[in-house]
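Good morning, colleagues. Please turn to the sequence and the model, which I shall now put on the screen.

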Amino acid sequence: MLRHALALAAALPLGIAACGDIEASADSSETPVAVATQASADDLAIDPCNASRATKFIGDEASEEARAELAIAVMPIETVRWVAPGEATTDDLDPNRLNVMLDVDNKIESVGCG
């Protein structure tokens, strides 16, 4: 878990830099990052773990770089559970947690809330 947090922390500046393409709202005091976060909050009502934003990673190898990029793509979701084949997981249901299922080749097989 710490390793994933460090990867996210290292990749965060890249994610913030990527937000530069987002247009600012009419209120000049609102930053592009704030606009992106506001839109994410609206999307969470329908897709509570932002799984729809993670689907583009299906088929990719779950490298540290891909994990960091996925974490940025699903922001503001902070809980991403990476599940390898046969790995035990808890039965608790958390609709705000993104589950990323891996195949035997360490490729992202599916994503979903839970």
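Is Cys49 buried or exposed? Cys49 is buried, because its relative accessible area is 0%; buried means under 20% relative accessible area, exposed over 50%, and partly exposed in between, with a 1.4 Å probe and protein chains only.

Before I continue, a word on the basis of these values. This is a predicted model, in which local features need pLDDT of at least 70 and side-chain atom pairs count only at pLDDT 80 or more, while totals for chains, interfaces and linings use all residues. Residues are numbered from 1 along each chain as its sequence is written, and side-chain values use heavy atoms, with hydrogens and water left out.

Let us return to the cysteine. Cys49 forms a disulfide with Cys113, and the two sulfur atoms are 2.0 Å apart; a disulfide here is a pair of cysteine sulfur atoms within 2.5 Å. This pair links distant parts of the chain, 64 residues apart: Cys49 lies in the loop between helix H2 (32-44) and helix H3 (51-54), and Cys113 lies in strand E3 (residues 108-113). Helices (H or I, at least four residues) and strands (E, at least two) are DSSP runs, numbered from the N terminus. The structure holds one disulfide. The torsion about its S-S bond is about -85°, so the disulfide is left-handed. Cys113 is partly exposed, because its relative accessible area is 33%.

How do E2 and E3 pair, parallel or antiparallel? E2 and E3 pair in the antiparallel sense, over five bridges; two strands pair if DSSP finds at least two bridges between them. Val100 has Val111, in E3, as its bridge partner. Their hairpin has five residues between the strands, and there Asn106 takes a positive phi near 65°.

On the pairing with strand E1 (residues 80-83), the sense is parallel, and E1 and E2 share four bridges. Here Val80 has Leu98, in E2, as its bridge partner. Strand E2 (residues 98-102) is largely enclosed by the rest of the structure, because four of its five residues are buried.

Finally, two remarks on side chains and helix H4. Arg67 lies over the face of Trp82, at 4.4 Å from the ring centre; the criterion is NZ of Lys or CZ of Arg within 6 Å of the ring centre and within 35 degrees of the ring normal. Glu69, in helix H4 (residues 64-73), counts as partly exposed because its relative accessibility is 40%.
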